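Biologist: I'm new to this one. Could you walk me through how to read it?

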Amino acid sequence: MICSTPSDRRSHLRGQRHAAIVEAARALATEHGADGFTVEGVATVAGVSRRTVFNHFSGIDQLLVAVCEQIFTEVTVELLESLDRGTASLPQGAAGSRAALDALCESTRSVDLPAAIATVHRVLGRPDPADERADTIARTALEHVVGRLRERLVARAPGVDALDLELTLTLLTSGLAAIGQRWVEDHHDLPTDVPTSARTDWDHLLDRLLHRLRTGYAG
């Protein structure tokens, strides 16, 4: 990549440092858990100063949000591709809007969410379900990623009702967080290489969530 101006070079260097800091935090959190490393440790692994870390992040929790967001973003790329396939040919009118929202929900089946959730759970130190700090970090990261889904669906199906889209995204995001918490409670010591039995349990929970989204509690 050629940076033609001083401003371009500074921006490129800042991007490199940001990525290095996130990668360092991810490596340390994966090895030691959310409370097993410090800003100083991140700076050492990333090859930057402590001050540089604070120029990018306010502290450990914001770093962990960035790490979790990176993990979720890795599956989001596949999720967006699945969404594109599901919205390639939509009918006109209300039927098209329903089909687009259904494609959004169905796209969650086609990506490796179990591995992402298991990795985030490990990065956060395998927290207890009542750990509000860990829950806030994970939900904040997930909400950042949801913004990309919103943008893509609006681009693919511009006629979709804005409120219907927000309700679907809110319910889907909260539902995934809820079943994710239940799943890790049942499989607390999950490796990042998720075993088949745990994946089967996840599929059952996801089926239940998507059924509830379509039919409501009366379905």
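**How two helices meet**

Modeller: Happy to. α8 passes α9 in a right-handed crossing; that word applies if the near helix is turned clockwise from the far one by less than a right angle, with anticlockwise being left-handed. Bear in mind that this is a predicted model, where local features need pLDDT of at least 70, side-chain atom pairs count only at pLDDT 80 or more, and totals for chains, interfaces and linings use all residues. Residues are numbered from 1 along each chain as its sequence is written, and side-chain values use heavy atoms, with hydrogens and water left out.

Biologist: At what angle do α8 and α9 pack?

Modeller: Axes are lines fitted to C-alpha atoms, for helices over the stretch in contact, and angles run from 0 to 180 degrees between N-to-C directions. Here α8 (residues 162-186) and α9 (residues 196-215) pack at about 150°, their axes 10 Å apart. So α8 is roughly antiparallel to α9, a label for angles over 145 degrees.

Biologist: Which residues of α8 and α9 meet?

Modeller: Contact means heavy atoms within 4.5 Å. On the α8 side, Leu171, Leu172, Gly175 and Trp183 are among them, and α9 brings residues including Ala198, Asp201, Trp202 and Leu213. The residues of this contact divide into 12 nonpolar, two polar and two charged. Asp, Glu, Lys and Arg count as charged, Ala, Val, Leu, Ile, Met, Phe, Trp, Tyr, Cys and Pro as nonpolar, and the others, Gly among them, as polar.

Biologist: And how many helices and strands does the chain have?

Modeller: Nine helices and zero strands, counting DSSP runs of H or I with at least four residues as helices and of E with at least two as strands.

Definitions and conventions
Angles under 35 degrees count as roughly parallel, over 145 as roughly antiparallel, 65 to 115 as roughly perpendicular and the rest as oblique.
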